[in-house]
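I opened this notebook to record what I looked up, entry by entry.

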2 protein chains.
Amino acid sequence: MELDDRKKAILEAVIESYIENAEPVGSRTIAKRKQLNISPATVRNEMADLEEMGLLEQPHTSAGRIPSDLGYRVYVDKLMKRYELTADEINRMRSLMQLKISEMDSLIREITNIYSRLINYTVIATMPEQKQATIKHFQIMPIDSHNILLIVVTDSKMVKETKITLTRPITLYDAVQISSVLNESLAGVPCKDINISSIKGLQSELYEYDEIIQPILDFVYECISTEDNAKIFYGGITNLLNFPEYSNINRARELLEYLDNKSNIQRVIAHRQHEKVKILIGSENNAIELNDCSVVLSPYQIDGRAIGTIGLIGPTRMNYSKAVSNIEFLAGQLNRLSEYNMEEKK
Amino acid sequence: MELDDRKKAILEAVIESYIENAEPVGSRTIAKRKQLNISPATVRNEMADLEEMGLLEQPHTSAGRIPSDLGYRVYVDKLMKRYELTADEINRMRSLMQLKISEMDSLIREITNIYSRLINYTVIATMPEQKQATIKHFQIMPIDSHNILLIVVTDSKMVKETKITLTRPITLYDAVQISSVLNESLAGVPCKDINISSIKGLQSELYEYDEIIQPILDFVYECISTEDNAKIFYGGITNLLNFPEYSNINRARELLEYLDNKSNIQRVIAHRQHEKVKILIGSENNAIELNDCSVVLSPYQIDGRAIGTIGLIGPTRMNYSKAVSNIEFLAGQLNRLSEYNMEEKK
DNA sequence: GTTAGCACTCAACGACACAGAGTGCTAACA
DNA sequence: TGTTAGCACTCTGTGTCGTTGAGTGCTAAC
């Protein structure tokens, strides 16, 4: 089936109405738009087609339609009009750059914070660590019999931690044993010199903890293989709680806990060395906790070299057009900031 | 009316049951405790007395009783038995101190984070800034016509911001004007040299912005008068969402937004230069957003001089006994850490 | 002073009906 | 052949109502 102009117009109208109201859109609502000049019945036929094409979904038979992830994707790639920033919005972002903070990471942290109040989404930013990290220390801390916290400290102040649920109980003694083997073999070694085979070696050394060791080594490998140990800042996490999609406390908690663990979000934005604004919609984030979230990311440069990322997190129902224009502009301002202004601020 | 032994026992039983189950406690539940050996009817009489004394409350006529803030206060001051830490708990806290992070503030930040996973409350810690701060820069950023963000940057990387709601609209131009007056008069001046009269002077200089200026000056004064511009870290903010008292998303959002603004919590813990563990129950926090929260705080020392604070935040229904023992022990460990261990870690 | 008994209160819950929004299908229309 | 009016149908959300059960306060007896 072909996506003709009328289908496009209807898809666009559905998405824009849903972005605004967070409620399934019925045929009558669409038909009332004067530009289209068609009856609800016709809209219903078209909507049925769009649903068949996987662009719309129906929460239940007697409800209106909502966009699917694929629908948003088509909208974002082909239909979305560019949002023009207002003079006020531009002024506010420029004025953000006036913050007189000389340390780059405090500055980015504050921009993230303050900007989140202006945009009403959650803002995320990473600061790249230039130097190659070395693992300094491992620590395993049992929370209860089946849950441990694995903590990895690198020499660049970076701490990564994750909660791991085990299939069999672990004692404090086991934890000390495993930590010390990990420390003896891997501490002090630069991350780039650790590879799968050195980790496999550990597996045989720790054979007596067979069932426990696998998820631990997985996390260690993940730590050393995410090349840049970027610092991550969030601003306005609580903005997420304003969206009706998170009015269920369990859903909200699940999401906030996911974001609280910074290695999670690092995984989402890792390996996205791209030149322009990138949009990740719902399941494209590859994490069930983010299935109803979208992320809009843009790289920004410091001194024309090291690359950090700044972006927004919101429900898939977010205003993509506005988000893209905002993040694009903000990243542009940051680029200019690092080139010209840092010197004089010092 | 006197608080005799039986009344004490009943109050204690009600509080401990409510701490555990988060549900109003009925007379039958209390009477079933064998130690007391009294009938539900007697308990009901006693409970009515305790209610009259302001120690218990009734959510509605046919429900059981819940403790009032005053009830908790009496419990905490007079009835509560000391919780003895288990060997495991002690080991875990000691093992927390093994974290090999040389920068003190990163270390405290991580301890806060990781400890929150062990204790399941929200952990809060401040790092004192030794040196006397100087205000470096003011900035006013309009969010919309009636809300502004006031940002104060000091030379010690500290940034304080607050959202202020105005009684009349403000333009971007007004904001620039007011900022520049503030900057001209106050930037570069050490906080200790700014006092009420220098602020009063500004008020006449900015007379044309009469209605707007008052809350702004209030915040400025608050900034400069909180003597230590401590950094504040939170760990496990999302732990709060596990408590049934915050299962209402609006309540949860209100609380998280309050905590998100660090100057708020600074106000709560400011001027608490005390020697031992301090407990603030519900309304004692002097903030409506914290009316159903309690805070358990302890000072800790770095190099025997500068004083930071570490503590827990939870619902008023928190396990005070456990919280106190934990925070006391943790603060003790931190004291020892800074005295002996920091050198060798460097 | 304590307790058994009893009438009373109130939130929580499930059953039920009903309104309203929206759909899909059919048949008529241009 | 594409569009539309009409209609029967579906499903959620809401309000009403009676029931249940936990808990109380009061009275009178022990």
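Entry 1: I began with Arg109(A), which I found in helix α6 (residues 104-119) of chain A; helices here are DSSP runs of H or I with at least four residues, strands are runs of E with at least two, and both are numbered from the N terminus. I note that this is a predicted model, in which local features need pLDDT of at least 70 and side-chain atom pairs count only at pLDDT 80 or more, while totals for chains, interfaces and linings use all residues. Residues are numbered from 1 along each chain as its sequence is written, chains are lettered from A and ligands numbered from 1 in the order in which they are written, and side-chain values use heavy atoms, with hydrogens and water left out.

I then asked how accessible Arg109(A) is. Arg109(A) counts as partly exposed because its relative accessibility is 31%, where buried means under 20% relative accessible area, exposed means over 50% and partly exposed lies in between (1.4 Å probe, protein chains only). The areas come from the Shrake-Rupley method.

I also looked up the patch to which Arg109(A) belongs: Arg109(A), Lys262(A), Arg109(B) and Lys262(B) form a positive surface patch. A patch takes residues with over 30% relative accessible area and no salt bridge, and joins like charges within 9 Å (nonpolar side chains, namely Val, Leu, Ile, Met, Phe, Trp and Tyr, within 5 Å). Lys and Arg count as positive and Asp and Glu as negative, with His and the chain ends not counted, and each charge is placed at NZ of Lys, CZ of Arg, CG of Asp or CD of Glu.

**Entry 2: salt bridges.** How many salt bridges are there over all chains? I get 32 salt bridges over all chains, taking as a salt bridge a side-chain nitrogen of Lys or Arg within 4 Å of a carboxyl oxygen of Asp or Glu.

I looked at Glu51(A) and Arg65(A), whose closest N and O atoms are 2.8 Å apart in a salt bridge. This pair links distant parts of the chain, with Glu51(A) in helix α3 (residues 40-52) of chain A and Arg65(A) in the loop between β1 (56-57) and β2 (66-67), 14 residues apart. Glu51(A) is partly exposed because its relative accessibility is 29%, whereas Arg65(A) is buried, with a relative accessible area of 12%.

Next I checked Asp105(A) and Lys231(A), whose side chains meet in a salt bridge at 2.7 Å, N to O. Here too the pair links distant parts of the chain, Asp105(A) being in helix α6 and Lys231(A) in strand β7 (residues 231-235) of chain A, 126 residues apart. Asp105(A) counts as partly exposed at 23% relative accessibility, and Lys231(A) counts as partly exposed at 22%.

Lys7(B) is buried because its relative accessibility is 5%, while Asp4(B) is partly exposed at 29%. In chain A, salt bridges that share partners join Asp4(A), Arg6(A), Lys7(A), Glu46(A) and Asp49(A) into one network.

**Entry 3: cysteines.** Cys293(A) is buried at 0% relative accessibility, and Cys293(B) is buried at 0%.

**Entry 4: overall build of chain A.** I noted 12 helices and 10 strands in chain A, whose C-alpha atoms fill a box of roughly 75 × 55 × 35 Å along the principal axes. Of the 346 residues in chain A, buried residues make up 54%.

For spans across the chain, I took Thr309(A), which lies in strand β10 (residues 306-315) of chain A and is buried, with a relative accessible area of 13%. Thr309(A) and Val43(A) are 266 residues apart in sequence and 41 Å apart in space, C-alpha to C-alpha.

Entry 5: Most residues other than glycine have a negative phi. Which phi value does Asn286(A) have? I read a positive value near 55° for Asn286(A), a residue in the loop between β8 (278-281) and β9 (293-302) of chain A, and it counts as exposed because its relative accessibility is 68%. Ala22(B) also has a positive phi, near 60°, and lies in the loop between α1 (5-21) and α2 (27-32) of chain B.

Conventions: Accessible areas come from the Shrake-Rupley method with a 1.4 Å probe; for residues, only the protein chains shown count as cover.
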